Amino acid sequence: MIKVLYEDNHIIAVVKQAGMLTQGDKSGDVSLFEEVKKYLKEKYKKQGNVFLGLVHRLDKPVQGIVLFAKTSKGASRLSEQFRNHTIQKTYHAIIAGKPKESRGEIKEKINKISFFAEGFTEKSDEELLAEIKKATKTRTAELAWEVIKSNNKYSLLKILPKTGRFHQIRVQLSNMGHPILGDTKYGFKGNWVCHDAIALAATGIKFKVATGEKEINLEIPLPNGWQELFTG
């Protein structure tokens, strides 16, 4: 059963679990897109196909809030807001280590990195860093981050992305020298108990409805187990 955070005539916001695809692919695994369509079909007893607009995605190992459009008007309005960067998204992540500063901004050129594959973590730190830097040459990516708490081994960050590039947060935190827990694709080498998840969650989103200027501000709590890393 999906968790619905918000729904009106044009837009629906739900929570994606880590390990689930946002949209189906050739693997045939269950996707959030199909689950939401099923929910709408059953709730409104619709005959035939159900319209659902995909306006953004979360990576498979990332959990958090996802917006869908229930109508073409909703899709157009949400797409416009994403395109104009007027939708405000908030993420939280647990990273390895502790940054030297308590907050900061990262603005750099990154590429849609495709060379990361199984065996990538077998490279040395020097090779890993060289390959990341070599690949980050294309589009400007920008985010702001703040340390919420840290025990020096791990740090919990609040992240406000200003752009929406492919794997942006994952790449930029790795470039900073502090990969996200569990994200072996981008340099994490420690232990992480959740094999199908990384410690990155889309915890908040603010957007305008499809008709009018009313703002909707949605938030969810941190995933279960995160706080336990900072106790004791």
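# Exercises on charged residues and a pocket

In this predicted model, Arg 170 is buried, with a relative accessible area of 5%.

**Exercise 1.** Determine which residue Arg 170 meets in a salt bridge, and where the two partners lie.

*Solution.* Step 1: the side chain of Arg 170 meets that of Asp 59 in a salt bridge, at 2.9 Å from N to O. Step 2: Arg 170 belongs to helix H4, whereas Asp 59 sits in the loop between strand S3 (53–54) and strand S4 (63–69). The pair thus links distant parts of the chain, 111 residues apart. Step 3: Asp 59 has 23% relative accessibility and counts as partly exposed.

**Exercise 2.** Describe the largest pocket by its volume and its lining.

*Solution.* Step 1: the space in the largest pocket is about 960 Å³. Step 2: its lining comprises 33 residues, and His 56, Arg 57, Lys 89, Gly 164 and Arg 165 lie nearest the centre. Step 3: sorted by class, the lining has 12 nonpolar, 12 polar and nine charged residues. Step 4: among the elements that each supply at least two lining residues are helix H2 (72–83) and strand S5 (88–96).

Terms used: Residues numbered from 1 in each chain as written. Predicted model: local features only at pLDDT ≥ 70, side-chain atom pairs only at ≥ 80, totals over all residues. Heavy atoms only, no water. 1 Å grid on protein atoms, 1.4 Å probe; cavity = no way out; pocket = protein on both sides within 12 Å on 5 of 7 lines; lining within 4 Å. Points joined across faces, edges and corners; volume = space filled by probe spheres on them. Helix = DSSP H or I, 4+ residues; strand = E, 2+ residues; numbered from the N terminus. Nonpolar A, V, L, I, M, F, W, Y, C, P; charged D, E, K, R; others polar. Salt bridge = Lys/Arg side-chain N within 4 Å of Asp/Glu carboxyl O. Buried < 20%, exposed > 50% of the residue type's maximum accessible area, 1.4 Å probe, protein only.
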